[in-house]
Amino acid sequence: MSDASRLRSTIFVGGLENSVNEKLLADAFLPFGEIVDVTIPKPELPSSTDQHRGFGYVEFEVAGDAKEAIDNMHQSEFFGRIIKVAAAKPQKDSNEGLGSKTAIWETEGWIAKHAVSEEDRQAALSTVNVKTPVEDPMRGLEEPDVAGPRPE
């Protein structure tokens, strides 16, 4: 199965109660079609007391079964909680988006989009180096040394 068809046949299930495990999740979605895999990610912190992170993924054999499960199970109650069921999105690369360990200006796409040619850089520098005389805003204030209105 290709990655694209595998993604179309995988659903995201959010809002899971802590006591829900992979078997219970598989049993809940079994009426909609043959299930290939069920995954419930564990917490990233080893000190966490939670069984899982509150969401999971169910992969069906056929993409139509996944669509059917989304249509029937979204906003339904499961173990006392309202669950969100939607099509799974592709996992982001660790080098993109928020939480990336690479500065945006170090990525290839940003450099290609915002790169400045050397001649443009020189033209910009030449306009900056041209000095225009700036009038002194304090000019003409040397004489009055007394505060208040001028005597007539």
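This is a predicted model: local features need pLDDT of at least 70, side-chain atom pairs count only at pLDDT 80 or more; totals for chains, interfaces and linings use all residues.

User: How much of the protein chain is buried?

Analyst: Of its 152 residues, 22% count as buried. The accessible surface of the chain comes to about 12000 Å², and 54% of that belongs to carbon and sulfur atoms.

User: How many helices and strands does the chain have?

Analyst: It has five helices and six strands. Along the sequence they follow the pattern α-β-α-β-β-α-β-β-β-α-α.

User: How do I read a sheet?

Analyst: Strands of a sheet pair through backbone hydrogen bonds, either parallel or antiparallel. In this model, four strands form an open sheet in the order 2-3-1-6, with antiparallel pairing. Strand 2 (35-39) and strand 6 (84-87) stand at the edges; each has a single partner strand, so one side of each is left without a neighbour in the sheet. Neighbouring strands of this sheet are turned by 20° against each other on average, direction ignored.

User: Which strand pairs with strand 1 over five bridges?

Analyst: Strand 3 (residues 55-60) does, in the antiparallel sense; strand 1 covers residues 10-14. As one example, phenylalanine 12 has tyrosine 57 in strand 3 as its bridge partner.

User: Which strands does helix 2 lie across?

Analyst: Helix 2 (residues 22-29) lies across strand 1, strand 2, strand 3 and strand 6, and runs at about 140° to strand 2. Helix 3 (residues 63-73) lies across strand 1, strand 3 and strand 6, at about 150° to strand 6.

User: How many salt bridges are found in the whole structure?

Analyst: The search finds four. One of them joins the side chains of aspartate 27 and lysine 23 (3.0 Å, N to O). Both residues lie in helix 2, four residues apart, about one turn of the helix. Aspartate 27 is partly exposed at 40% relative accessible area, whereas lysine 23 counts as exposed at 57%.

User: Which residue forms a salt bridge with aspartate 71?

Analyst: Lysine 67 does, with the closest N and O atoms 3.1 Å apart. Aspartate 71 and lysine 67 are also four residues apart, about one turn, and both lie in helix 3.

Notes
Residues are numbered from 1 along each chain as its sequence is written. Side-chain values use heavy atoms; hydrogens and water are left out. Helices (H or I, at least four residues) and strands (E, at least two) are DSSP runs, numbered from the N terminus. Buried means under 20% relative accessible area, exposed over 50%, partly exposed in between (1.4 Å probe, protein chains only). Accessible areas come from the Shrake-Rupley method with a 1.4 Å probe; for residues, only the protein chains shown count as cover. Two strands pair if DSSP finds at least two bridges between them. Axes are lines fitted to C-alpha atoms, for helices over the stretch in contact, and angles run from 0 to 180 degrees between N-to-C directions. Contact means heavy atoms within 4.5 Å.
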